[in-house]
Amino acid sequence: MRIELLTLFPEFFASPLSQSMINRAQTQGAVEFRVLNLRDFTTDRHRVVDDRPFGGGPGMVLKLEPLVRAIRAVRQEDPEVRVILFSPRGPMFSQDKARELAATRHLLLICGHYEGVDDRLHFYIDEELSIGDYILTGGEIPALVVADAVTRLLPGVLGGEGAVEEESFQTGLLEYPHYTRPRDFEGLDAPEILLSGDHQRINRWRRQEALRRTAAQRPDLLEKAALDDQDREFLAKLSDTGKKD
Ligand SMILES: C[S@@+](CC[C@H](N)C(=O)[O-])C[C@H]1O[C@@H](n2cnc3c(N)ncnc32)[C@H](O)[C@@H]1O
């Protein structure tokens, strides 16, 4: 997969793209990143990318010409590229969206800045995405959020490091809790069952803890989760006893 990041601050990505899982994924050849400097798509001597908003008001707006030139350059190389603009008004990024994007071949992620982009850019992109109901300074952090969430879903990237299938949201539930050594820390014991070696019981306990957590912390997720009869029975018992935490 190829992920292009269009930004005013290319250096922003140097460290995150050279660490940990994202770095390994590139070495393995699962993903290739290219950071594009928006200023490289200007044609004037001062490499201007922004201008004052029509109608007045605070801040600056990213101009259409360099943005559209950059999109066209990437589309010319690959007409199939999916062009995404980060914007607080877009639909919210989610694990489902990460899965959808991980199944594509090529993404162009556009990082806005200042007050945002000239609204007519919407005629040139495929979709907008928000990462939450708050305002960040630019689209670089959202782009890293999406790049990370997508890359770790690419085949072979996580290897033995983690089982994507059991992670929170992947199953429609929050994940079960994890413990490691020491067994007893300042009087806090790890659950005995996890040390029993009985994998059937451990799996059942983990499933029930995932259900218990989801019911307590994100009951909205239960409406869409794939539940079997045993799950429903357990949840019914939980709500009968009021033991949701
Ligand atoms: C300071 S913000 C602009 C906010 C805009 N004036 C508004 O009120 O909606 C600058 C850029 O950061 C990015 N950004 C900020 N918050 C974001 C969020 N929650 N999700 C996605 N992108 C965000 C967008 O690319 C945006 O164009």
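Okay, let's start with a contact: Q208, L211, R212 and A215 in helix α5 meet D231, F234, L235 and L238 in helix α7. By class, that contact of α5 with α7 has 5 nonpolar, 1 polar and 2 charged residues. Before I go on, keep in mind that this is a predicted model.

So how do those helices sit against each other? In general, two packed helices are described by the angle between their axes and the distance between the axes. Here, α5 runs over residues 199-217 and α7 over residues 229-241, and their axes come within 10 Å and cross at roughly 50 degrees. That angle makes α5 oblique to α7. The hand of the α5 and α7 crossing is right-handed.

There's another helix pair to look at, α1 with α4. Their axes come within 10 Å and cross at roughly 60 degrees, which means α1 is oblique to α4. The hand this time: α1 passes α4 in a left-handed crossing. If you want to click on residues, M21, I22 and A25 of α1 make the contact with A147, D148 and T151 of α4. Sort the residues of the α1 and α4 contact by class and you get 4 nonpolar, 1 polar and 1 charged.

Now the core. Which residues touch the most other members of the largest nonpolar core? They are L6, L67, I84, L108, L109 and I110, out of 35 residues in that core. As for who contributes, the elements giving two or more residues to this core are, on the strand side, β1 (2-7), β4 (61-62), β5 (82-86) and β6 (106-110), and on the helix side, α1 (20-28), α2 (64-77), α3 (95-102) and α4 (140-151).

Let's zoom in on L109. If you leave aside its neighbours within four places in sequence, L109 is in contact with I3, E4, L5, L6, I84, A143 and V146. There's also a second, separate core, made of 6 residues, and L173, L174, A210 and A215 are among them.

On to the loops, and let me take them one by one.

G138 lies in the loop between β7 (127-129) and α4. Buried or exposed, or something in between? G138 counts as partly exposed, because it has 17 C-beta neighbours inside 10 Å. Not counting residues up to four places away in sequence, G138 touches F9, C111, G112 and H113. For a sense of distance, G138 and E100 are 38 residues apart along the chain, and their C-alpha atoms are separated by 24 Å.

Next, a couple of backbone angles. R47 is found in the loop between β2 (32-37) and β3 (50-51). Its phi is near 55 degrees, a positive value in a residue other than glycine. R47 counts as partly exposed, since it has 13 C-beta neighbours inside 10 Å.

Y114 has a positive phi too, about 55 degrees, although it is not a glycine. You'll find Y114 in the loop between β6 and β7. With 17 other C-beta atoms within 10 Å, Y114 is partly exposed.

And where is the cis peptide bond? Look at the step from R181 to P182, where omega is near 5 degrees. P182 has its place in the loop between α4 and β8 (184-185).

Two last stops, both about residues apart in sequence. R69 sits in helix α2. R69 and F41 are 28 residues apart along the chain, yet their C-alpha atoms are separated by 6.1 Å. R69 is partly exposed, as it has 14 other C-beta atoms within 10 Å.

Then there's A103, in the loop between α3 and β6. What's the C-alpha separation of A103 and M1, 102 residues apart along the chain? For that pair it's 8.8 Å. And A103 counts as exposed, because it has 11 C-beta neighbours inside 10 Å, and the cut-off for exposed is 12 or fewer.

Technical notes: Residues numbered from 1 in each chain as written. Predicted model: local features only at pLDDT ≥ 70, side-chain atom pairs only at ≥ 80, totals over all residues. Axes fitted to C-alpha atoms, helices over the stretch in contact; angles between N-to-C directions. Helix = DSSP H or I, 4+ residues; strand = E, 2+ residues; numbered from the N terminus. Parallel < 35°, antiparallel > 145°, perpendicular 65-115°, else oblique. Left-handed = near helix turned anticlockwise from the far one by under 90°. Contact = placed C-beta atoms within 7 Å. Nonpolar A, V, L, I, M, F, W, Y, C, P; charged D, E, K, R; others polar. Core = buried A, V, L, I, M, F, W, Y, C linked by C-beta atoms within 7 Å. Buried ≥ 20, exposed ≤ 12 C-beta atoms within 10 Å, placed from the backbone.
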